[in-house]
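This briefing concerns aromatic contacts and helix packing. Please consult the sequence and structure shown below alongside the points that follow.

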Amino acid sequence: MENSNQNGQSKFKVLEKGKTDFNEIFGNLGYTMNKALDLLKKDPVNLILAGAIPLITGAILALILFPLAGSLFGLGLLALLITIITAVASIISTIASIKAVTVIGKGEKINLQSLMTFSFKHLISYVLLAINVLLTIFKGLTKWANSWLAMFYFMENNGEGNKAITSSQEDSNGKTSTIVWGVILVMLVTSIVQSIVNTIWINIFGSISSIISGFGVPLINSIILPITFLNLYILREEIKKNK
């Protein structure tokens, strides 16, 4: 009973094919949330820094470049450059966060320098992975959904995109409903929390300083990112166990 109270339910349950049991669906969410918080406690600072360093660096560069409009750059060129910088920073932040979650999930120590090196090295291949996962929708909705957790296999297989998708699909076979509900609910909950916190931050600091207000978004994102990916990592681990 104590274990059930701590984890939302005694164990993670793969949903029976063709049936929708909301007790099990929300029980799984409670389970992954509790397990994710347990992992977060192991190294919260580095888990947050993994996503924060690229996001804040990108925000600082954008802040430096913005006043140059009309002097060194045309407004259109500057806007394009800022967009590229923030996009690259966001992708690197995502890769670093997922890698950090994978490392902590394996019981290893997070090395921020190693994470950043990995993220820069596999920037293009991760973008290609995301595109290939999206394209699997043309092979059927089931194959597409079964590819959603490929990012963790990507981190574990040293950036091999095709192998990551294949591994995700193989482990997810027959558990598509569990994955779909798990991913949707995790993303929904974390998005709502992120939106609420962002709104509160802007309302508090917006009238005080636009700079502080602007930095709130990457700062909050860097906290929400590891929580999101920790939940999805737990989901992937439970999917692998139930072969």
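In this predicted model, Arg236 is positioned over the face of Tyr153, with 4.7 Å to the ring centre. A second contact of a charge with a ring involves Lys99, whose charged end sits over the ring of Phe118 at 4.5 Å from its centre.

**Aromatic pairs**

- A pair of aromatic rings is described by the distance of the centres and the angle of the planes.
- In total, 6 aromatic pairs are present in the structure.
- One of them joins Tyr126 and Phe154, with 5.6 Å centre to centre and 70 degrees between the planes; the pair is therefore edge-to-face, as the angle is over 60 degrees.
- This pair links distant parts of the chain, since Tyr126 belongs to helix H6 (residues 123-135) and Phe154 to helix H8 (residues 150-156), 28 residues apart.
- Both Tyr126 and Phe154 are buried.
- One aromatic cluster is formed by Phe22, Phe26 and Trp181.

**Packing of H6 and H9**

- Helix H6 packs with helix H9 (residues 161-172) at an angle of about 40 degrees, and the axes are 9 Å apart.
- The two helices, H6 and H9, are therefore oblique to each other.
- The crossing in which H6 passes H9 is right-handed.
- On the H6 side, the contact is made by Leu129, Asn132 and Val133; on the H9 side, Gly161, Asn162, Ala164 and Ile165 take part.

How values were computed
Residues numbered from 1 in each chain as written. Predicted model: local features only at pLDDT ≥ 70, side-chain atom pairs only at ≥ 80, totals over all residues. Heavy atoms only, no water. Phe/Tyr/Trp six-rings, centres within 6.5 Å; stacked < 30°, edge-to-face > 60°. Helix = DSSP H or I, 4+ residues; strand = E, 2+ residues; numbered from the N terminus. Buried < 20%, exposed > 50% of the residue type's maximum accessible area, 1.4 Å probe, protein only. Lys NZ or Arg CZ within 6 Å of the ring centre and 35° of its normal. Axes fitted to C-alpha atoms, helices over the stretch in contact; angles between N-to-C directions. Parallel < 35°, antiparallel > 145°, perpendicular 65-115°, else oblique. Left-handed = near helix turned anticlockwise from the far one by under 90°. Contact = heavy atoms within 4.5 Å.
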